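Please look first at the sequence and the model together, and keep both in view while reading. The paragraphs after them are meant to be followed with the structure open.

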Amino acid sequence: MTGMLTQFRSYERSARLLMVNQFTINLGFYMLMPYLAAHLSGTLGLAGWLVGLVLGVRNFSQQGMFLVGGALADRFGYKPLIVAGCVLRTLGFATLGLVDSLSALLAASAATGLAGALFNPAVRAYLAAAAGDRRLEAFALFNVFYQAGILLGPLVGMVLTGVNFRVTCLVAAGIFALLSLVQIRALPARGDEAAPDGGGHRRTGLPSPWRGVLANRPFLLFSGAMIGSYVLSFQVYLALPLEVRRLGGEGEFGTAAVAGLFAVSGLSTILGQTRVTRWCKARMTAGRALARGLLTMGLAFVPLLAATALPVPADGPGRWALAAVPPALCALLLALGTMITYPFEMDTIVRLSGNRLVATHYGLYNTICGIGITLGNLLTGAALDASRSAGLPALPWIALPVLGLACSAALYGLHRTGRLAPATAPAMG
C-alpha cells in the first residue's frame, strides 16, 4: 500500500485528481444505482416493465451517446465535458430522489446516463495525456481507484437507504455537486492537442472526426475482439449471482455469498492491480498481455464447469460450499484477467488512435463494447435458461470459456500481424 501511495504521489496534480475523481464518481453512482430498482418497484409501486424501462433508458442514453461525448471532448476540451457530466449527474440523482412521475423519472434516468457519456471518454483521454509515457502504470492505478469506488459505494448506499432512499439520492447528488466544484477550481484545462486542423483552427463539425475514427480498421478490429472481455467480466453481476442463488437459495447465505463475489473481485484488484501490471510489463508485449488476459478470463469459468460434474448435496455445508467456492474462484480469475488486460487495453486505444481524437476513440470503443455487453448478456441469459430447462447445467460454463478463447485468439492474431502496434504519430504540443 505504501508503494501504491508513493506511485500515486509521483504523478502530476491533474492525474492524481482524475484518479480521486473516478473513485468519487463510482462511490456516488454505486451507492445509489443498486437500490434504485427496489425503490421504483417498492416505494413508488411501478410495474416490472416500467422499472426495466427506467433503468434501460439510463443504459441506452449512456451507451448510445459515448461517441458524441468523446467527439465533444475532442472538440471543446476535456475539462468542460468532465464538469458538464458531473453537473448533469448531480441534477439527475437529485431528481430521482425527489420525483415520482414516470416522465420525470425517465428524464432523470436519461440525464444520469448522458452524464456518464460526457465525462467517461474525457476522463480517460485526459489521463492518457497527463500521464504521458507512464500511462500504462497510470491506468493500472486508475483501476484501483475505480474498483475501490465500486466496492465502497454499495456499502454506503446500504446504510443511507436504510434511512431513506431519498437521503441516498441527495447525498449522491451532493457528492457530484462537490466534485463539480473541485473540477472547476482545481482541474487544469486540457484538450486534444491534435484536434486543430492544419491551419491552427479547431474543426467546426463533428461528422468529419467520426468518419476518421470509423475508418480506423485496426482500432475497430481491436474493439470487436475486446467485447469478449466485457461480456465475461460482467458475469460477476449476472451469471455468477444467479448460480449462487440457484444452489444457495435466496436467504441470508445466498445474499452473503453474492456480496462475497463483489468483495473478492474488488479487493483483489485493489491489492494486486499495480503488481500485476508491473509484472506483465516486464515480461510481455501489450498484444501478448491482452491475449493472455482474455485467456485467463475464459478459463475463469472452468471451476464452475468442473462443479457441474459433482453431485449436488441436498442441504448443509456441502451445498453451501458448492454454491460459494466455484463462483468465488471464478470471480477471482475474472479479476486477474481484467487486471492483466485493462491498462494495456486503455494504452492500446491511445496508440491505435495515433494520439489524435483520443476521446472520440474512447467514446466509440465504449459504445461498441456496450452493445456487445447487451447482446452477450442476452445470449448468456438464454444459455442459463436453456441449461435449466434441458437439464444441462454445464452449457453456460462451456459457452463462456469458448468466447474467451475465441477473443484471445483474435487478439493474438492482431498482435502477430502487427495491427496492435501501428506507427504512432507524435503528440503535438
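What follows treats the domains, the interface, the salt bridges and a loop in turn.

This is a predicted model, in which local features need pLDDT of at least 70 and side-chain atom pairs count only at pLDDT 80 or more, while totals for chains, interfaces and linings use all residues. Residues are numbered from 1 along each chain as its sequence is written, and side-chain values use heavy atoms, with hydrogens and water left out.

The domain assignment, whose bounds come from an automatic or database source, divides the protein into domain 1 (7-188) and domain 2 (216-419). Taken over C-alpha atoms, the centres of domain 1 and domain 2 are separated by 23 Å. In terms of contact (heavy atoms within 4.5 Å), 27 residues of domain 1 meet 30 residues of domain 2. The two domains bury about 2,400 Å² between them, and 67% of that area is on carbon and sulfur atoms; buried area here is the accessible area, computed with a 1.4 Å probe, that two parts lose on being put together, summed over both. Of the area that domain 1 buries against domain 2, Arg 135, Leu 136 and Leu 151 supply 24%, more than any other three residues.

The polar side of this interface can be described by pairs. Between domain 1 and domain 2 there are six residue pairs in polar contact, both residues being at pLDDT 80 or more; a polar contact is a pair of N or O atoms within 3.5 Å, where within protein one must be able to donate a hydrogen and the other to accept it, and residues adjacent in sequence count only if both atoms are side-chain atoms. On the side of domain 1 that touches domain 2, the elements that give two or more residues are helix H4 (48-76), helix H6 (102-131) and helix H7 (135-163), with helices (H or I, at least four residues) and strands (E, at least two) being DSSP runs numbered from the N terminus. The largest share of that side, 13 residues, comes from H7. Its residues divide into 17 nonpolar, six polar and four charged, where Ala, Val, Leu, Ile, Met, Phe, Trp, Tyr, Cys and Pro count as nonpolar, Asp, Glu, Lys and Arg as charged, and the others, Gly among them, as polar.

Thr 367 is found in helix H16 (residues 358-389). Leaving aside residues up to four places away in sequence, Thr 367 touches Gln 63, Phe 66 and Leu 67. Thr 367 counts as buried at 13% relative accessibility, where buried means under 20% relative accessible area, exposed over 50%, and partly exposed in between (1.4 Å probe, protein chains only).

Side chains of opposite charge can pair when their charged atoms come close. For a salt bridge, the rule asks for a side-chain nitrogen of Lys or Arg within 4 Å of a carboxyl oxygen of Asp or Glu. A search of the whole structure finds four salt bridges, and across the interface of domain 1 and domain 2 the rule finds two.

Together with Arg 351, Arg 135 and Asp 347 are linked in a network of salt bridges.

In another salt bridge, the side chains of Glu 137 and Lys 281 meet at 2.3 Å, N to O. Glu 137 lies in helix H7 and Lys 281 in helix H12 (residues 252-283), so this pair ties together parts that are 144 residues apart in sequence. Lys 281 counts as partly exposed, at 45% relative accessibility.

Glu 243 forms a salt bridge with Arg 246, their closest N and O atoms being 2.8 Å apart. Because Glu 243 and Arg 246 are three residues apart in helix H11 (residues 239-248), about one helical turn separates them. Glu 243 counts as buried at 8% relative accessibility, whereas Arg 246 counts as partly exposed at 36%.

Backbone geometry is the last topic. Most residues other than glycine have a negative phi. Asn 355, a residue other than glycine, has a positive phi near 60°, and its place is in the loop between H15 and H16. Leu 357 lies in the loop between H15 and H16 and has a positive phi of about 50° although it is not a glycine. At 12% relative accessibility, Leu 357 counts as buried.
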